[in-house]
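Here's a quick tour of one structure, taking in its packing and one of its helices. Have a look at it first, then read on.

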Amino acid sequence: MTPNDSATLAAEGITLAHRHFTVAKDLSLRLPPGKVTAIVGPNGCGKSTLLNGLARIHNPSTGLVLLDGKDIHRLPSRDVARKLALLPQDNTAPEGLTVGDLVRFGRQPHQGWMKAWSSRDQSAFDTAIQAADVTELTDRALDTLSGGQKQRAWIAMTIAQETPLLLLDEPTSALDLGHQIEVFELIRALARQGKTIAMVIHDLASACRYADHLVAMKEGRIVAEGNPGEVVTADLIEAVYGVRCDLLPDPVTGTPILVNPRPGLRA
């Protein structure tokens with residue numbers, strides 16, 4: 001990646017609400033450039049809402065989201081789309097749309113008015129379908145695919161967008177174990193290329209194994225963040241999830257593995 005392909009994303013004191021209900025309050029964080037950040041926490045704690053706030057889908061009632069130091073809500077949509085791609089939790093597409101059409105749609109931010117499909121577009125398309133393992137599905141309609149196949153197609157579209165920032169909401173949902181590992185390895189490969197990635201994930205062990213930076217949330221607040229090996233402790237797990245456990249180091253990576261879970265105290 002060249003310097004022109006880099007981007008920074010941060011939140012400064014943002015509050016996110018659904019109508020009159022505040023979901024997350026006074027959140028501040030900065031995504032470490034070129035790293036994978038995992039956002040973890042119990043259901044309903046505000047993880048997806050935070051991701052949508054960072055992606056300009058959810059407008060904060062207070063505070064700012066800064067893309068390259070500028071208020072993301074004041075930037076042209078095309079400029080944002082060239083810097084940031086979002087894989088939402090719930091995806092919808094027109095009936096009959098093929099996988100190939102969906103992935104080609106990821107190139108839209110790079111298309112000018114009446115601009116022809118270029119060799120750069122084709123290269124990005126080919127890379128994306130191969131990376132997401134959907135090459136043999138390009139002519140299939142999305143509504144004929146399994147949940148896991150659809151998820152891989154949407155991941156391919158996100159990759160084709162070729163943005164330096166990727167926001168992924170539960171990217172391995174509906175995937176079998178083999179494809180989960182492939183997607184996590186793909187995420188690591190994209191980070192090695194210089195991309196900055198944030199992902200909402202429920203599996204704490206996978207978050208520790210594949211993320212460089214971990215953000216733990218509870219009841220709409222960030223309660224801890226940092227290197228997973230330093231942040232994830234038995235006390236933190238009990239405080240966030242209400243589960244007591246023991247932690248063992250992964251024999252390969254040294255990252256924490258949760259064992260012997262049992263009911264704990266819920267704050």
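## Around Val40

Leaving aside residues up to four places away in sequence, Val40 touches Lys47, Ile201, Leu204, Ala207, Leu214, Val215, Ala216, Met217 and Tyr241, where a contact is heavy atoms within 4.5 Å.

This is a predicted model, in which local features need pLDDT of at least 70 and side-chain atom pairs count only at pLDDT 80 or more, while totals for chains, interfaces and linings use all residues. Residues are numbered from 1 along each chain as its sequence is written, and side-chain values use heavy atoms, with hydrogens and water left out.

## The cores

Val40 and Met199 touch the most other members of the largest nonpolar core, which has 50 residues. The largest share of this core, seven residues, comes from α5. Apart from it sits another core of 27 residues, including Ala11, Ile14, Ala24 and Ala198. (A nonpolar core is a set of buried Ala, Val, Leu, Ile, Met, Phe, Trp, Tyr and Cys residues joined through side-chain atoms within 4.5 Å; buried means under 20% relative accessible area, exposed over 50%, with a 1.4 Å probe and protein chains only.)

## Helix α4

Which residues of α4 are buried? They're Asp121, Ala124, Phe125, Ala128 and Ile129. They cover an arc of only 125° around the axis, so they end up on the same side of α4; the arc is taken from the directions from the helix axis to the C-beta atoms. Their cover includes α3 (99-105) and α5 (147-160).

Turned away from that buried side, the other face carries exposed Ser119, Arg120 and Gln130. Just after α4, Asp133 takes a positive phi of about 60°. Helices here are DSSP runs (H or I, at least four residues), numbered from the N terminus.

Technical notes: Helices (H or I, at least four residues) and strands (E, at least two) are DSSP runs, numbered from the N terminus.
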